[in-house]
Each structure stands twice: as structure tokens, then as C-alpha cells.
Amino acid sequence: MNWIESLQVAIAYMEEHLLENMTMEQIAAQAHISPFHFQRTFALLTDVTVAEYIRRRRLTLAANELIQSDHKIIDLALKYGYDTPESFSKAFRRQHGIAPSEARKNSTSVKSYNRLVIQLSLKGAEPMNHRIVEQAAFTLVGIKQAFSYIDGENLRGIAKMWQDAYTSGTEDRLFELNNGVIQGLLGVCVDQNEIQEKQMEYWIATAYDGEVPEGLSSFTIPASKWSVFEVEGPMPESMQRLWKQIISEWFPSNPYEHAGIPELEVYSGPHKPPQIWIPIK
């Protein structure tokens, strides 16, 4: 199965077990990829986290049942995964804009999030500039930070990490150190689920050959074949759009599979387009 088909199988699993206490490991296993890569791919394609999708679907079903039945609100709260009527009411109001009691009393319209269907784009009109590169193992040095990838916490944390690296002068220092095979700064996501559940490590680094400078850490990227894509257009929108294209168009249309090592986002400087390096096999 390609990535799109695998994700669809995982979505079907979520829908079939929507009222159960699913783990991310169980969901990702349906797609035959790691929990980290599943959540990242899902969010890139849908613009919503797995947890938020499940919440939206549960509250959609809860609202429908609330309006169409006379079941007690406390019973519906427990059925749809909330420990108390208060927590259920808070989540219900956040999604639907009204309290459960108001929805039942007035039969007011509520927001409905339908079952997600991910489809392969068949347009193929927009070119994707890329090249295939064979690269031996290389070392990068930089700073790293661990993030939970629950509810998009990693996305918020990574943005702040880049801002801090800029204001502290770390970006400039890494640019000066760059003497390795890839020119520029690298953003690297490393799955740490085997070390700490639902955790990833993010690096802001540069390719470097030499002794590890004081205050920095090092990480080795294994030898691999890479598909290198150039990002065209204003950031960060163009970067996100290209990621979606790679997953939904490029992989299903080409005979490659993801090699299972960290991907690279490469920022070579203000006058050069950023790149996405995807390890392939």
C-alpha cells in the first residue's frame, strides 16, 4: 500500500473504535509506520492532529445523539470519553459554540465534522523540482530539544526554538561552522518513541567535519539515497504545501519508499531556496 492507502486504513480503524481508548501505537500500526511518522504525516495532509480529529468526531457524534435522544448528558459524557459532565460541556461548547443543554433545548445547529477521506491528487499539473542524490554518512553539530508530539506541542515548540536560535546568535554560529557536505542550516526531526513514548527530538544544526565545538551536540546521518526538493514561493506556506505534495503526489507516483531515517529541511541562506531532503530506498 502507498501512504495514502495506509492512512485511509488507519482512519477506518479510528472510526471503528471511536468510542474506545485507542493508543497512537495501535492506530499507527494499521498504517505500518511508526507513531511519530504517522502523526506527522496525518497532520501535514489534514492540517489537524490525530487527537483533534478524534475529539471532533466524538463531539460530532455526541451532538447528534444529544439532539436526537433523551439520554442524560452525564451518560453521553461518559460514552464519548469524558470523566465528568463539566469536562464534556467545556469541550462541547468549544466545538459547537453552545452548551449541551442549550443544544438539546433549542435544537440549535451544531458543527459537524464528517469522517475524513484522504484522496490522491491526480492533477499532476504543478511540477515538483527534485533530484536524486547518493550521500555517504555525515555528521552534523547543533542544538537539540525534546518535544512531545501530542496535540501539536512539537510544532509550537519548534517555532520558538528557531526564534531563540536566531536571537541568541546560534544560527550565525552554525553558519560559520558549516564545512560539511550540505551547505546551510538543517532542521531535523528524530523519532524518540523507543526512548520516551510520544516524544521526538528536534535539531537545529549544520553539517560539520571536526571536533564537536563547545556547547553543541553531534549527530550522524546514515548513508542514504535522497530525493531533494526545492521549495518555491513565500515561506512558510510553500514549505508546508511541498510537504503535502511529496506525501500525496510524489510518493504514490514513484517507485520509492521512505528509508526510515530522519528527513532534512535545509536553509542555505537568504538568496537560495530552502530544500527538503527525503531519504528513499
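The model is predicted: local features need pLDDT of at least 70, side-chain atom pairs count only at pLDDT 80 or more, and totals for chains, interfaces and linings use all residues. Residues are numbered from 1 along each chain as its sequence is written, and side-chain values use heavy atoms, with hydrogens and water left out. Helices (H or I, at least four residues) and strands (E, at least two) are DSSP runs, numbered from the N terminus.

**Sheet**

- Eight strands form an open sheet with antiparallel pairing, in the order β1-β6-β8-β7-β3-β4-β2-β5. Two strands pair if DSSP finds at least two bridges between them.
- The edges are β1 (130–135) and β5 (217–221). Each has a single partner strand, so one side of each is left without a neighbour in the sheet.
- On average, neighbouring strands of this sheet are turned by 35 degrees against each other, direction ignored.
- β7 (residues 264–267) and β8 (residues 275–280) pair in the antiparallel sense over three bridges. V266 stands opposite Q275 in β8.

**S224 in strand β6**

- S224 lies in β6, which spans residues 224–230.
- S224 is buried, at a relative accessible area of 10%. The classes are buried under 20% relative accessible area, exposed over 50% and partly exposed in between (1.4 Å probe, protein chains only).
- Beyond its neighbours within four places in sequence, S224 is in contact with V133, E134, Q135, A259, I261, P279 and I280. Contact means heavy atoms within 4.5 Å.

**Helix packing**

- The axes of α2 (residues 24–31) and α3 (residues 35–46) come within 9 Å and cross at roughly 80 degrees. Axes are lines fitted to C-alpha atoms, for helices over the stretch in contact, and angles run from 0 to 180 degrees between N-to-C directions.
- α2 and α3 are therefore roughly perpendicular to each other. Angles under 35 degrees count as roughly parallel, over 145 as roughly antiparallel, 65 to 115 as roughly perpendicular and the rest as oblique.
- From α2, M24, E25, I27, A28 and A31 meet P35, F38 and Q39 of α3.
- Helix α9 (residues 170–177) lies across β2 (138–148), β3 (185–191), β4 (199–207) and β7. Helix α9 runs at about 55 degrees to β4.

**Salt bridges**

- Side chains of opposite charge can pair when their charged atoms come close. A salt bridge here is a side-chain nitrogen of Lys or Arg within 4 Å of a carboxyl oxygen of Asp or Glu. The count comes to nine salt bridges.
- K244 and D47 meet in a salt bridge at 2.7 Å, N to O. K244 lies in helix α10 (residues 237–253) and D47 in the loop between α3 and α4 (50–68), so the pair ties together parts 197 residues apart in sequence.
- K244 is partly exposed at 23% relative accessibility, whereas D47 is exposed at 60%.
- R56 forms a salt bridge with E52, with the closest N and O atoms 3.2 Å apart. R56 and E52 are four residues apart in helix α4, so about one helical turn separates them.
- R56 is partly exposed at 25%, and E52 is partly exposed at 24%.
- K79 and E65 meet in a salt bridge at 2.9 Å, N to O. K79 sits in helix α5 (residues 73–79) and E65 in helix α4, 14 residues apart.
- K79 is partly exposed at 37% relative accessibility, whereas E65 is buried at 15%.
- Salt bridges that share partners join E52, R55 and R56 into one network.
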